[in-house]
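Subject: Structure for your review

Dear colleague,

Please find below the structure that I am handing over to you. My findings follow directly after it.

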Amino acid sequence: MDNLRLYLVTYNVGTSSPDQDLKELLSITDHKNDKRPDFFILAFQEVKAQPQNMLMDTLFDDPWTFAIKDLLHKDYIKLKACRLQGLLLLTFCLKKHLLNIREMDTEYTRTGLAGMWGNKGAVSIRLNLYGCSICIVNSHLSAHDNHLDDRVEDYNSIINDQEFHVPETSKIFYHDYVFWMGDLNFRLNEEFDRTPEEIERLIVKKEIKALFEHDQLRHVMKKGEAFSELTEQDPTFPPTFKFTVGTPTYDYKRRPAWCDRILYRVNSNNYENITLKAEQLTYKSHPNYSLSDHKPVSAEFIIKIPQPVSKMPKVQIDSQPCVDQVFSDYSESVIEFDKITSWDVEGENKAYYRLTKGIQENSEDWIGLFKENFCALDEYVTYEYVSKCSTPTDDSSKSGSSKTQDTKKYEITFPDLPNRFKGNYCLLYFSQNEDKVTSVLGISNVFPIVKADSD
């Protein structure tokens with residue numbers, strides 16, 4: 001895998017529901033496209049977060065997650081979601097990438113009311129893609145023109161507070177790739193003494209570049225006070241805040257500003273003789289959406305992913321000075337399930353699997369039963385911990401396995417199936433440590449669950 005295409009969206013939805021078609025927001029067309037993104041990453045702010053909504057969201061997807069899943073379910077899997085009050089971060093990937101994603105972890109930081117309340121702050125997701133580490137941050141910072149110092153303080157609180165449970169990438173900027181987006185709430189400099197009406201006249205005249213020179217975020221980046229570790233392409237679109245809800249018209253209660261932003265960082269020289277790179281393809285707003293007083297913003301990137309050593313031409317392998325710097329081939333470290341013919345809806349059921357070389361067992365590992373066309377990793381219908389329901393077998397590593405060295409075979413028992421359901425299902429093996437860092441290591445074949453014939 002040389003390149004991965006990432007599509008990012010940030011949208012302050014202002015407690016609204018997704019009552020507009022979201023295809024344009026995701027740049028989805030009805031035409032077959034070979035350049036569809038490998039990953040969709042969506043950052044929402046001000047998702048409705050009253051207590052009754054938070055309770056329902058623990059049982060079911062919130063309306064925004066449900067709407068995005070409904071658009072992407074045919075080809076994509078929801079990998080991970082992280083929510084803090086109104087902040088919501090979602091990651092989706094093409095199904096073909098699932099077994100090459102490892103060590104998913106989440107973090108959050110409250111900054112509202114001096115860290116006591118989660119109406120402002122950040123949620124983050126980190127993971128490894130084909131051996132490269134990626135961190136995505138969704139933040140909602142302090143509002144209002146005169147609270148610039150608070151926004152700077154929010155940013156520094158987030159980067160100091162967040163600590164992941166993956167030792168090599170415990171902090172946000174330790175990752176190979178970082179994408180930071182959200183309602184960052186940076187306004188125009190207070191010294192730029194213009195009224196909302198005067199600013200809009202500049203926008204109508206398309207004097208975007210001149211207006212952007214007064215942007216607070218770029219000001220603090222240049223001074224090294226906040227976000228100076230990151231890069232942002234200059235926006236060529238008009239300010240995305242503040243609009244009268246339901247219209248394309250600026251609301252003069254606030255001065256127009258670029259509150260909604262997407263920035264990135266590449267630690268290009270993290271590895272010897274390998275240069276990482278991100279190419280930004282687009283950066284745009286979506287003015288047709290009028291559900292809140294913000295306009296959503298999207299960006300598309302291609303990131304470079306080095307080839308694993310087992311797939312490099314021999315001349316390239318020979319030129320590598322340090323084997324430790326070469327990325328892992330995750331296809332060599334997976335759980336292999338024996339073929340399952342069928343399960344009995346009324347009886348005890350078993351499955352057999354092998355741990356191939358390089359797999360580390362954890363006491364929190366589990367196997368989930370999923371419907372055939374599942375579209376999210378949290379859609380299991382039942383599960384069992386392997387430490388409680390799995391036992392080793394005497395079968396040799398060579399029988400029925402493509403990996404003939406250092407493999408161990410196990411039998412796992414599902415004692416009963418809930419709700420007497422029928423249909424086609426599959427099993428997924430999840431590696432999970434005590435800190436809930438999660439990887440999907442194996443997927444079984446699709447098999448039917450049927451009612452066994454009685455004598």
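Strands β3 and β4 run antiparallel and are joined by eight bridges. Strands here are DSSP runs of E with at least two residues, numbered from the N terminus, and two strands pair if DSSP finds at least two bridges between them. This is a predicted model, in which local features need pLDDT of at least 70 and side-chain atom pairs count only at pLDDT 80 or more, while totals for chains, interfaces and linings use all residues. Residues are numbered from 1 along each chain as its sequence is written, and side-chain values use heavy atoms, with hydrogens and water left out.

Strand β3 covers residues 76-84, and it is largely enclosed by the rest of the structure because seven of its nine residues are buried. Buried means under 20% relative accessible area, exposed over 50%, and partly exposed in between (1.4 Å probe, protein chains only).

Strand β4 spans residues 87-94 and includes Thr91. Thr91 has 2% relative accessibility and therefore counts as buried. Leaving aside residues up to four places away in sequence, Thr91 touches Phe40, Ile41, Ile77, Lys78, Leu79, Lys80, Ile125 and Ile136; a contact requires heavy atoms within 4.5 Å.

β4 also pairs with β2, in the antiparallel sense and over six bridges. Ala43 has Leu89 of β4 as its bridge partner. With strand β1 (residues 3-12), β2 runs parallel, and seven bridges join the two. In that pairing, Tyr11 stands opposite Phe44 of β2.

Strand β2 (residues 39-45) is mostly covered, with seven of its seven residues buried. In a regular strand the side chains alternate between the two faces of the sheet. From β2, Phe39, Ile41, Ala43 and Gln45 point one way, whereas Phe40, Leu42 and Phe44 point the other way.

Among the contacts of Phe179 are Leu6, Ile136, Leu263 and Ile303.

Finally, the structure holds zero disulfides, a disulfide being a pair of cysteine sulfur atoms within 2.5 Å. Cys82 is buried at a relative accessible area of 8%, and Cys426 is buried at 2% relative accessibility.

Yours sincerely

Terms used:
Helix = DSSP H or I, 4+ residues; strand = E, 2+ residues; numbered from the N terminus.
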